[in-house]
Amino acid sequence: MDEQQAFFSRELLRWYHENRRDLPWRRGHNPYYTWVSEIMLQQTRVDTVIPYFERFISKFPTATALADAKEEDVLKAWEGLGYYSRARNLQAAAREVKERYAGEVPDDVAAVSSLKGIGPYTAGAIMSIAFNRNEPAVDGNVMRVLSRFFRLHDDIAKPSTRVKIEKVARALIPDGHASHFNQALMELGALTCTPKSPSCLLCPVMEHCEGRLAGEELLLPIKTKAKPPKPEVRFAALVEGMGRHEGQLLIRKRPDTGLLARMWELPHVLAQKQTSKGSTTQEAAMDQVRELLFQEGIHAEPVEAYCDAEHTFSHIQWQMRVYRCKALSEMALPPGYAYIEREHMAEYAFPNLFVKLIQGYFEEQQSVRNG
Ligand code: SF4
C-alpha cells in the first residue's frame with residue numbers, strides 16, 4: 001500500500017467508527033441477514049428497505065425457513081419492493097443453501113458466488129461484511145468514490161472498469177478489517193460522496209482526493225448513458241363482477257416464466273397502434289379491450305376509461321390505460337383467473353402498479369357506499 005492508499009483506508013475507517021448508521025442488518029454478523037439486506041438494497045433506498053427487512057426476517061428468520069416457505073408468501077413479503085426475480089432467486093438460493101450446506105451460508109467465495117442471484121458485488125459484500133474476508137464489494141457507490149478519489153476516467157458502465165476498480169478496492173482493504181472497511185466505503189458513497197452534491201468539506205479523505213483537487217468531483221465518475229426504458233402502451237380491463245361476484249374484481253395470474261412470473265394482475269394487452277401518428281383512439285382502445293376479453297374467454301364488456309397508471313422496469317415502461325368493464329354473466333372462469341374482494345387482497349402477490357390500482361378501486365367503491 002502506498003501513502004495515498006494507506007491514508008484513504010486509515011481515515012475512512014476512523015470516520016466510519018464515528019459516523020456509521022445503526023442499521024438492522026449490521027447488528028451481529030449473520031451472513032443470512034447480510035445476504036437478504038444486500039439483495040433488498042439493490043435498486044432500493046435504505047429507508048425503504050428497513051421495514052421490509054425487519055418484516056422479512058421475522059417471517060423467515062433463517063435460510064432454511066425461507067427455503068421451506070411457500071413462494072406466494074415470499075412474494076407477498078416482497079410486495080412493493082419490485083424486481084421480484086430478486087425474491088425468487090433468493091428463495092431458490094436459500095433452498096440450495098439448505099440442501100448443500102445444511103442451511104448455513106458457506107464461508108467460501110466460490111460457493112457463495114455460485115448461488116442463484118448472487119453476483120460479484122453481493123458475494124463480496126457477504127464474504128467481507130459477514131465473514132471478514134478480504135474481498136472487495138464494488139457497486140455504483142464504491143465506483144463513484146474510488147473514481148473520484150483516484151481520479152479515474154474509465155467509463156463505469158463498462159464491465160472492464162468494474163474489474164479494474166475491484167483490483168483498486170482489494171488493494172485498499174486493511175488486513176483484518178474487511179467488514180468495516182467495505183461498509184465504510186459504501187457508507188461514504190451513500191452519505192458524503194453522493195452523486196450530485198458531494199460534501200467534500202466534510203469528507204474524511206478530501207485532503208488527498210485527486211478528483212476534488214483537480215476540481216473534477218462532479219465530472220467523475222464517467223458513465224455513458226444507458227438507453228432509456230422503452231415505453232409500452234397497454235390497455236387493462238378492470239372487470240367488475242356481477243351476481244355472487246358483485247363488488248369483486250377479476251384478476252389473472254401471470255405465466256410461470258418471464259417478467260413478474262406467477263404474480264397476479266388485471267388482464268391487459270399491448271396496444272396496437274391505429275393511426276399514422278402512432279396513437280390509439282378511445283374507441284379503438286375499447287375494441288382492443290373487448291378483443292382481449294373475448295380471446296381470454298371472459299364474458300364482459302368495456303364501459304369507460306377508468307384511469308391511467310405507469311410502471312417503469314429497467315428496460316420498459318408500462319403506460320397502462322385502464323378501462324372499467326362489466327361482467328355480463330356469472331361465467332365459469334378460465335384457468336389462471338380469480339375474482340377477488342378487498343379483504344382477500346393479502347392472499348395474492350401483486351406487482352406494485354396493480355396493488356395501487358386495485359386498492360384505489362376498492363377504496364373508491366367503499367366511499368361511494370358510505371355516501
Ligand atoms: S473529497 Fe469529495 S469527491 Fe473526494 S471522495 Fe470526498 S466527497 Fe468524494
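Modeller: Let us begin with the elements: helices (H or I, at least four residues) and strands (E, at least two) are DSSP runs, numbered from the N terminus. E283, for instance, lies in helix α13, which covers residues 282-296. This is a predicted model, in which local features need pLDDT of at least 70 and side-chain atom pairs count only at pLDDT 80 or more, while totals for chains, interfaces and linings use all residues. Residues are numbered from 1 along each chain as its sequence is written, and side-chain values use heavy atoms, with hydrogens and water left out.

Biologist: Is E283 buried or exposed?

Modeller: Buried means under 20% relative accessible area, exposed over 50%, and partly exposed in between, with a 1.4 Å probe and protein chains only. E283 has a relative accessibility of 63%, and therefore counts as exposed.

Biologist: At what angle do helix α2 and helix α3 pack?

Modeller: Axes are lines fitted to C-alpha atoms, for helices over the stretch in contact, and angles run from 0 to 180 degrees between N-to-C directions. Helix α2 (residues 31-41) and helix α3 (residues 46-59) pack at about 135°, and their axes are 10 Å apart. Angles under 35 degrees count as roughly parallel, over 145 as roughly antiparallel, 65 to 115 as roughly perpendicular and the rest as oblique, so α2 and α3 are oblique to each other. Contact means heavy atoms within 4.5 Å, and among the residues that make this contact are Y33 and M40 of α2, together with F53 and I57 of α3.

Biologist: Which residue meets E187 in a salt bridge?

Modeller: Side chains of opposite charge can pair when their charged atoms come close. A salt bridge is a side-chain nitrogen of Lys or Arg within 4 Å of a carboxyl oxygen of Asp or Glu, and by this rule the count comes to 26 salt bridges. E187 meets R26 in one of them, at 2.9 Å from N to O. Because E187 lies in helix α11 (residues 178-191) and R26 in the loop between α1 (3-19) and α2, the pair ties together parts that are 161 residues apart in sequence. Both E187 and R26 are buried.

Biologist: Which salt bridges does E265 form?

Modeller: E265 forms a salt bridge with R252, the closest N and O atoms being 2.8 Å apart, and a salt bridge with R254, where the closest N and O atoms are 2.8 Å apart. R254 and E265 are both buried, and R252 is buried with a relative accessible area of 13%.
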